[in-house]
Every structure is written in C-alpha cells, then in structure tokens.
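Dear colleague,

I am passing on to you the structure we spoke about, and I would ask you to open it beside this message while you read. My notes on it follow below.

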Amino acid sequence: MSGTYLGMPAFPVAAATATADGRLRANLTHATRTIRGKRAAAVAELPDWAALRAAGAAVKDRTLRHLDTYLTQAEEAVTAAGGTVHWAADAREANRIVTRLVRETGEREVVKVKSMATQEIGLNAALAGAGIRAYETDLAELIVQLGDDLPSHILVPAIHRNRGEIRDIFAERMADWGRPAPEGLSDRPAELAEAARLHLREKFLTAKVGISGANFLVAETGTLVVVESEGNGRMCLTLPETLISVVGIEKVVPTWRDLEVYLQLLPRSSTAERMNPYTSMWTGPGESDGPRAFHLVLLDNGRTDTLADTVGRQALRCIRCSACLNVCPVYERAGGHAYGSAYPGPIGAILTPQLRGTASEVDASLPYASSLCGACYEVCPVAIDIPEVLVHLRERVVQGGPASVGGQRVRLKPARGHAAERAAMRAARWALDRPGVLRAGQRLAARTRRLHPDRLPGPGRAWTDTRAVPEVPAESFRDWWQRTGGGREAGA
Amino acid sequence: MSSRDLVLGRIRRALADVPRGERPEDVPVPRDYLATHSPADAVELLAENLADYRAVVHRADAAGLPGLVARLLAARDAQTVVVPPGLPEEWLAATNAARVADTADLTPRRLDAVDSVVTGCAVAVAETGTLVLDGSPDQGRRRITLVPDHHVCVVRVPEQVVDSVPQALARLVPTRPLTWISGPSATSDIELDRVEGVHGPRTLEVVLLRE
Ligand code: SF4
C-alpha cells in the first residue's frame, strides 16, 4: 500500500472486507470502548463543558468568517518573530515547497512529528521521490511506517494493530530503517515502547531537519502549538536546526487567550486526559533555544472550497480530537482504512468529500458511510453537526448543485447513472441492511426522509419499494447503544 | 499570481455570504465558561493530579531542599546533572553529582549521556497537574528537560500555582518558548494501554517548595 490511499475501493466495498476481518474488529472494539468510557469521565469533571464547547465552536466560526484577516495577521506575527511564511494552494505545491526547503539544508533525512496535514498531502512519498527519507517518530506512525501500512485513526493511527502484530512488525522491519529491534522482543507494551525509544533516539540526536504540523496557530502572536504525549514532538521541535511546519489554514485562532478554550477541550476529548503529557509552544525560531530556522507552510488544498459551502464550512472547526471516531458504530465496524483518506470516521466522511470533491467513487460514497445516529455530533467538542453536513453532501452527490472546486464556483451535475451514485446506494444499503445500525439512525430520520422516496433514483427507488421508511423509535440512540453494548447483542 | 494572493482571493470569494462591513468582533463568542473550577486547595489538587499521572511528588522547605535534591539524585545513582544557568546555587549544595552547564555547545549527544536535570518552573496548573516551563534562567533551554531520563522540577508553592488553564495562560508570555508537562512521557498507542516513558524523561519528580 505504501502510504497512499489512491486506488482505494469505495467505502462499501472496503467496509464489507473490513467488517469480515475478525481480528480488526476485535482490535477496534477493544480500543474504542476503552477510550469512550475514559473520555466520558474526563469530560464529566468539568461542569462548564457545554460552555467551553459553545465557545470553542464560536471562536472557530469567528475565525472562519474572517479567515483572510487572521491569516495575514498570523503571517505578519510569524515573520516579525523571525519565521518565513509560505503559501501552498494545493498538495503538490506544499510538497514542492517542503522538498525545496529540505534540499536547501543539504540534508537527506528528516524527522517528523505526526501530522494530519502532511499525511493528507502525501508528503513522505513526495520526499522519497526526491531522495529524502522521512522518519515518522510517533509510536503509532512508526508502526504504520514500518508495516508499510496506512493510518486508520486520527489519534492512534495503528489502532487496527494489536500488540502481537506490533511486535512482529518491529522484529521484522526495524533493521531496514535503522537500529534493529532488541533480540527476543516480547509483545509487552512497555517493551515495545522501549524498542521504539532506542530505535528513534539515534535519529533525534542527529537530525538536522524536523517537520511538523500544528494544532493551533495564534494570529495575534504568531505562536504555534503542538499537543502530544510521547516527547517525540518535543524532540523534533527542539533539537533540529531547521523546523518546517505544514499547517492547514483552518488551524488559526485569533488570540492567545483562545487557547484556554482549546487546551481544555482537546485533551479531554481525544485521549481522555486532563492534559496531554506535553504541549510545545513556539513563536518564531529561538535565539539559542531550538531550531535556528523556522518555516511555516500554510496549506489550502481544498479548504477554501470547504469554506465556500455555508453548510459544510463547519467541518473546518475540527480540532482533530478523534472523539467522533470512537463513538461511531460504523467506524467501529468498518475501521479507518475503509474511508480511503487521511481522515477516517465521521469527520472524514464530511471533510474528505469536501476537500477532494465527490468526483471519485470513494469520495462520492463517503457521505453514506454513516447511520446518522448523531453520536458524533454529541461528542464533538466544537459542536460540528456532522449528520447535517452528511445529509447536505448526500443531496449534493445525488442532486448536484452549486459548489466551489479549486476556488471556482461550479454547478455539479447530479450523479444520476454515474458510478458514484451506485457506490452511494451500496453504502446506504450497507448501513440500512444492518438493523442495529439502522435503528441507531433515527435521530435524523425526519431530515433524511425527504431523500428516501423522492430523491433516490435507480436502485434507491427499488429500495424504497420494498422497505418502509423507518419510524422514529421510542428509544434514543444512547439508550440503545448502552442496552445492546454497541449493537453486538442486536446482531448489528 | 502568487499562491498567497490566490489563496486569499479564494477565501474572500468563499466568504461571499459574510456581510460586507461585518467585523470579527461582530461574531459573538460566549465566554461564560469558568476562569477557574475553584479547587479548595490548589496546591493539594496539584499534588494529587501530578501523582495521578505518575509524577513523583515531594515536599520541602528551603532548609530541606538541598538534602532532598541530593537524595533524589543519589537514589538514581546520578553521576551527572545538567543545570540551567540561573538555578539557585543552594538547591544543589548537598549533592556531589557533577554539574553540566546548559551552554550553547552542549550537543544533543553529550546531553544524552547526562543522568538528571534539575530545574525551576514558571507556572503549575492545579486542575490539570501541569508544569509549564518558559525558558527562564532557572529552567534553561527546552532540550535539557527533554533528553535526560530523570527530571527534578522545583515548584514554589503557593505562588507559582494557579488553579486553571485560563489562569496559567494569563501569566505566561507567548513569545517565550513554552513547554507544558503533565506527568512523564507516555504513550497509549498500543491497544490504548498507557505506558510511561517513550522519548521524554521516564521519571518526573516534582518538589513542592514552601519557603
Ligand atoms: S469532528 Fe469534532 S469530534 Fe470529530 S475529530 Fe473533529 S473536533 Fe473531534
């Protein structure tokens, strides 16, 4: 697979394979269940959670509605602090800029902090094409890289792997990338983490170039923020001489003070901790502390098209906490790879088809990769109404309509008779054939109802001939989820 | 056209629905969340939350601190200790571990051979069990609290302790390089089991210093 999602089958095909994989389902179920319980407890500690969530959504809305203002302000502040700002309209341009910057240092190796943005643009492959080796240093990313695999979760990219598989990957592959795994490595997590420590330390101590993303970019001060746990982030942000950060334009927040909202929302939502072990904040290159050169690459790559959609725009509030993945019954069964992009789960189902458009079969099927149960909305710390955007995107796939593509206003044709439509319908059937998932989907039954009888052409019509539109059940999704242990007892 | 102009142009077109003349402040941000969750005793809560994330918490007064630091270093058999330039001399008065100065020529590799580091702290957050370092002379550069495997951080209580994240941000200077530390390095990447110690110091000891 070598780190690219290109050529992935559409969601329903990938999901059908994934759901038949017992080991994958077991790994995922264990992991998502664990984190769900912990997260609820961490959130319950803050009595003002709802107010924080409202503020988190509002700050992002303010930012997005005035994004040009805040980006130019951030650019000015970063420049004043001694950094260099680059703008990249798409993935190719971002990759070109980063490759050039690395080349200019004369180095052929870089250490990387886990970054959704660089995963999205396929930076590692682009660097490899230029003869530059990028070492992923987050433990889960390392597992993925050594396994020649793809990330399947935003926060825990190797969530689909259990400890036995990780041991085998380390034992077999570490030597190809540097220091080999210790003899007789067991599958104890502590021992595996130690093997990663030894393997990567060599890289950290010698690396001259670090590449990162950022969780936040403060417009007012030009401060970048990276939130992490292992210390690999601190290593990459501190020890190299040159630091290159690739940051989506939606990561900007207006003021220093705004961090007080997100530093409370993010750790509790993502890892269920009061605070993640390490957070690094830097404003320009340090005089004597940290890299001497700092480059910020501001990435569009479809974000402005997403911004142009007044319903879909809210997806840009996302702070990548991954909480929506962990509560999603479809994600839990299908796994992250089925979504065919760096962004899996509910957020991927709305973000990817907006960033990339819905021209391909996999992207057109993504808005259907959901049961519309609403759990993702309830859990989202910035209150993105994911089901609302899903329904909106379904309409776009089936009916066409105005959209922004590559910065140009266009009118999309309905996908009638197109492969995308068939893919979409197969995805709908995939969810709807599973009674548990279907029953879970009633929160939005009223909203989607209009789509069912009138607007579904072709196979959809046949579907509505033989099935009644489901009635809104007396039992809420949450009750159902708890009663049935996430659908297992309901045969979902 | 430069990519900068291209992207900014796309943004302005994308925001055609935003009324001309709307200013950022016109988009309301409700700030009715709490500035503090008002713990009864912030220092106690800090100690509790630090311990909950597997930091080892000690207490000392000014007279007892040098002896305590010496014992903590001796317990780890630390031969060498890296010291920020502005660390109060008396903190290390009782240890015979060899000092390594935090100077520009201290390479990562040499730092990797150092056993321990002792620093002060800028702010500690009780509600989250977090220490914030801001590169002040008693804390040194970011790398010295990262590469050695054992970090002893001295927090002056109660004056360096705040209740909450909002209070901490208000005290910090954004232009300084800031490191927030909540417990030792940890990962949950293997089946979501928490394992301490991947790349940062595996042992974090916090001394709550009452003067
Ligand atoms: S959509 Fe919301 S819940 Fe999902 S990753 Fe983004 S911020 Fe988290």
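**What was found**

By class, the shell around the ligand has 10 nonpolar residues, 1 polar residue and 1 charged residue. Please keep in mind throughout that this is a predicted model. The residues around the ligand include Cys318(A), Cys321(A), Cys324(A) and Cys380(A), together with Ile319(A), Pro381(A) and Val382(A), and Arg320(A) and Ser322(A) are also among them.

I then turned to the place where the two chains meet. The contact draws on 98 residues from chain A and 76 residues from chain B. The size of an interface is often given as the accessible area lost when the parts come together, and for chain A and chain B this buried area is about 7,700 Å², with 57% of it on carbon and sulfur atoms.

How many salt bridges are there between chain A and chain B? The count is 15, and one example to look up is the salt bridge of Arg197(A) with Asp149(B), in which the closest N and O atoms are 2.9 Å apart. Across the same interface of chain A and chain B, 46 residue pairs are in polar contact, counting pairs with both residues at pLDDT 80 or more. On the side of chain A that touches chain B, helix H10 (residues 189-206) gives the most, with 13 residues, and that side as a whole has 46 nonpolar, 25 polar and 27 charged residues.

Strands of a sheet pair through backbone hydrogen bonds, either parallel or antiparallel. Here an open sheet of 8 strands, with mixed pairing, runs in the order S8(A)-S5(A)-S6(A)-S9(A)-S9(B)-S6(B)-S5(B)-S8(B), and its edge strands are S8 (252-253) of chain A and S8 of chain B, each of which pairs on one side only. Strand S9 (residues 278-283) of chain A and strand S9 (residues 178-181) of chain B pair in the antiparallel sense over 4 bridges, and Thr279(A) has Trp180(B) as its bridge partner. Within chain A, strand S5 (residues 216-218) and strand S6 (residues 223-228) are also antiparallel, over 3 bridges, with Val225(A) as the bridge partner of Phe216(A).

Finally, two backbone details deserve a look. Val157(B) and Pro158(B) are joined by a cis peptide bond, with omega about 0°, and Pro158(B) lies in the loop between strands S7 (150-157) and S8 (161-162) of chain B. Ala272(A), in the loop between helix H12 (259-270) and S9 of chain A, has a phi near 65°, a positive value in a residue other than glycine.

With kind regards

Methods. Residues numbered from 1 in each chain as written. Chains lettered and ligands numbered in written order. Predicted model: local features only at pLDDT ≥ 70, side-chain atom pairs only at ≥ 80, totals over all residues. Heavy atoms only, no water. Contact = heavy atoms within 4.5 Å. Buried area = accessible area lost by both parts, 1.4 Å probe. Salt bridge = Lys/Arg side-chain N within 4 Å of Asp/Glu carboxyl O. Polar contact = N/O pair within 3.5 Å; in protein donor to acceptor, adjacent residues only side chain to side chain. Helix = DSSP H or I, 4+ residues; strand = E, 2+ residues; numbered from the N terminus. Nonpolar A, V, L, I, M, F, W, Y, C, P; charged D, E, K, R; others polar. Pairing = 2+ DSSP bridges. Near = heavy atom within 4 Å.
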